[in-house]
Amino acid sequence: MRGFAMWQPDRAAALIAAHAGQDGALLPVLHAIQAEFGCIPDPAVPMVADALNLTRADVHGVISFYHDFREVPAGRHVVKLCRAEACQAMGGDALAAHAEAACGVALGHTTADGRLTLEAIYCLGLCATAPSALVDGEVVGRLTITKLDRVLEALP
Amino acid sequence: MSLTLYVPRDAGALAVGAEAVAAALLQAASRRGLAITLVRTGSRGLYWLEPMVEVATPGGRIAYGPVDPADAEALLEAALAGGGAHRLRLGAPEQIPFLKRQTRLTFARCGITDPLSLDDYRAHGGYLGLQRALSLGTAATIEEVVESGLRGRGGAGFPTGIKWRTVAAAEGARKYIVCNADEGDSGTFSDRMVMEGDPFVLIEGMTIAAFAVGADKGYVYLRSEYPHAIATLNDAIALARAEGLLGSDVAGGRFAFDIEVRVGAGAYVCGEETALLDSLEGKRGQVRAKPPLPAHKGLFGQPTVINNVISLASVPVILADGAASYRDIGMGRSRGTMPIQLAGNIRHGGLFEAGFGVTLGELVDDIGGGTASGRPVRAVQVGGPLGAYFPRALFDTPFDYEAFAARDGLIGHGGVVVFDDTVDMARQARFAMAFCGIESCGKCTPCRIGSVRGVEVIDRIIRGEDRPAQLALLEDLCNTMKFGSLCALGGFTPYPVMSALRHFPEDFGAAPPARVAAE
């Protein structure tokens with residue numbers, strides 16, 4: 001998994017400037033910032049608000065509305081386990097319970113050492129090869145407890 | 001002799017190892033000093049056979065699957081023998097019953113062509129629809145779409161052509177085509193398959209829409225959960241632009257139209273069209289009250305066509321073959337084909353495009369082959385997380401907007417999720433309320449508060465606290481949500497909840513149904 005940059009106001013300003021000119025720019029701007037820094041750092045909020053002529057509350061409201069935007073970076077690895085119905089039908093509940101035990105952390109949380117974030121995701125569109133997950137951006141289907149253990153062990 | 005092999009690059013195939021299979025085939029070929037052409041296609045949609053590898057032979061393609069990287073050597077041997085024997089040999093893909101029984105119109109090319117080859121696209125009928133639209137003119141193009149009977153494939157089922165007519169007639173400084181690619185319903189993946197496997201058909205469909213209504217800008221609002229679709233569609237748009245199929249001079253300068261992909265941020269409610277428009281504008285994805293309709297005041301307050309991926313991707317074949325050939329398929333007011341997605345605990349899961357009218361029982365038992373677990377089918381959820389759970393007793397319901405509505409269900413975006421007899425329907429009802437709570441945009445009270453109260457009430461029912469009163473309360477709450485919510489999230493969450501309660505009362509500690517409905 002690629003590392004993220006440390007907070008640099010100049011870099012953030014450049015990213016904002018690169019995306020601010022388009023119509024409805026806020027989501028593209030926030031995506032660009034998160035892709036660079038791994039989250040939307042607090043000091044980025046007033047910068048974004050200023051550039052897009054919004055209030056800080058507007059920007060905070062958008063960041064907190066969408067599940068994807070993080071206010072703190074995720075762990076070095078991110079495991080997103082699908083918890084929607086098609087995956088439930090294929091043993092998703094047991095798989096989620098196993099994942100929580102194996103990772104030592106509940107869904108929606110990051111391990112204390114910052115190694116791994118385990119999250120629920122609602123549908124990857126891999127519903128005919130359920131249950132499925134997105135592991136550091138790679139899609140994995142037909143998961144079993146054994147296969148999930150193998151995937152988790154293979155993480156560097 | 002040169003050998004051509006096809007391996008899907010569809011996310012569903014990649015999730016079960018297609019990339020490793022492709023790499024193993026290339027390695028096996030290089031060990032033999034053999035030059036092979038490896039074409040990465042979309043998926044045919046026969047997911048239980050993925051990764052499925054196809055070999056070009058003089059008599060057509062021969063398929064093998066599901067292939068493991070360890071099979072590469074032997075598979076190459078079979079390929080060299082002209083599609084010869086191998087324990088995974090499936091024969092001609094078109095003859096596999098699951099595919100043979102389909103009517104592939106929208107998915108005519110998916111799994112066959114290289115999704116990023118415009119030459120391939122054109123060689124398989126691509127851009128004939130736009131060509132015919134240009135010769136018909138704008139008004140006649142819209143009437144073709146009206147005549148075809150195409151209804152919104154996202155779930156609402158509103159006639160696509162009527163939307164276009166409204167936008168064409170609306171006054172506005174600028175008009176937009178917005179493609180709703182926020183395919184969040186569990187059990188659905190047809191939008192993803194098209195965007196990954198045949199993205200030019202979506203681009204062509206949007207271009208026809210733009211020509212017809214006079215729009216010069218298109219957005220595809222694509223969910224972040226689909227990284228492969230985002231990458232493929234962006235590549236396809238760049239290729240189309242490079243060939244002048246998008247940009248300031250489309251069709252020899254007859255009009256200007258360009259498309260931009262906007263990535264969502266993990267909010268299910270943005271699949272609701274007005275929440276999607278707010279999200280595109282850079283706001284919280286909150287639902288707007290209607291009227292005004294998006295056709296009158298949509299994106300940035302301008303007249304906007306907002307259609308689902310499959311609706312737009314069905315337009316090119318309608319234009320190319322004529323409205324009548326599409327309208328003649330189907331039943332009742334549901335015309336044409338529907339890409340039905342068989343998912344969950346099902347033996348033969350995948351994409352099944354067929355004319356409306358096929359029954360739920362045919363889909364699940366016959367085409368789908370029953371459950372993957374081999375246990376009896378107990379419940380089927382049709383239409384995503386807001387769709388009703390159907391028991392076996394309702395398996396005679398034909399796939400048709402009105403027939404499902406008549407049985408308190410909906411076809412939605414065409415997802416069919418199968419559960420075996422280990423399912424606990426009270427838990428599924430609880431999940432429906434919990435999911436509504438997680439994804440509620442918060443704008444209206446019945447959805448925002450009702451979903452939370454719904455979870456609490458169902459928890460009390462599960463614990464056996466004062467059941468008769470709690471069951472009455474749940475029904476009352478569902479009515480409030482159904483009639484009081486602003487959009488389908490709060491308004492339709494009662495469908496899975498009430499259907500679970502009605503058809504499987506024994507899971508809620510009530511008496512089982514005395515007599516099976518519908519029989």
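Predicted model: local features only at pLDDT ≥ 70, side-chain atom pairs only at ≥ 80, totals over all residues.
Modeller: Residues are numbered from 1 along each chain as its sequence is written, chains are lettered from A and ligands numbered from 1 in the order written, and side-chain values use heavy atoms, with hydrogens and water left out.

Colleague: What makes Asp93(A) and Arg427(B) a salt bridge?

Modeller: A salt bridge is a side-chain nitrogen of Lys or Arg within 4 Å of a carboxyl oxygen of Asp or Glu. The N to O distance for Asp93(A) and Arg427(B) is 3.4 Å, so the pair qualifies. The count between chain A and chain B is one salt bridge.

Colleague: Which helices and strands of chain A each supply at least two residues of the side that touches chain B?

Modeller: They are helix H2 (26-37), helix H4 (56-65), helix H5 (85-88) and strand E5 (138-140). Helices (H or I, at least four residues) and strands (E, at least two) are DSSP runs, numbered from the N terminus. Chain A has seven helices and five strands.

Colleague: What classes of residue make up the side of chain A that touches chain B?

Modeller: That side has 20 nonpolar, 10 polar and seven charged residues. Ala, Val, Leu, Ile, Met, Phe, Trp, Tyr, Cys and Pro count as nonpolar, Asp, Glu, Lys and Arg as charged, and the others, Gly among them, as polar.

Colleague: How much area do chain A and chain B bury between them?

Modeller: About 3600 Å², with 58% of it on carbon and sulfur atoms. Buried area is the accessible area (1.4 Å probe) that two parts lose on being put together, summed over both, so the figure covers both chains. Phe65(A), Glu85(A) and Tyr122(A) supply 19% of the area that chain A buries against chain B, more than any other three residues.

Colleague: Where do the domains of chain B lie?

Modeller: The bounds are domain 1 (3-100), domain 2 (118-327), domain 3 (330-420) and domain 4 (425-508). Such bounds come from an automatic or database domain assignment. Contact means heavy atoms within 4.5 Å. The centres of domain 1 and domain 2 of chain B are 33 Å apart, taken over C-alpha atoms. The contact takes 10 residues from domain 1 of chain B and seven residues from domain 2 of chain B. Between these two domains, about 610 Å² is buried.

Colleague: Why is the pair of Asp10(B) and Arg192(B) called a salt bridge?

Modeller: The closest N and O atoms of Asp10(B) and Arg192(B) are 3.0 Å apart, so the pair falls within the cut-off. The count between domain 1 and domain 2 of chain B is one salt bridge.

Colleague: What share of chain A is buried?

Modeller: Buried residues make up 51% of the 156 residues in chain A. Buried means under 20% relative accessible area, exposed over 50%, and partly exposed in between (1.4 Å probe, protein chains only).
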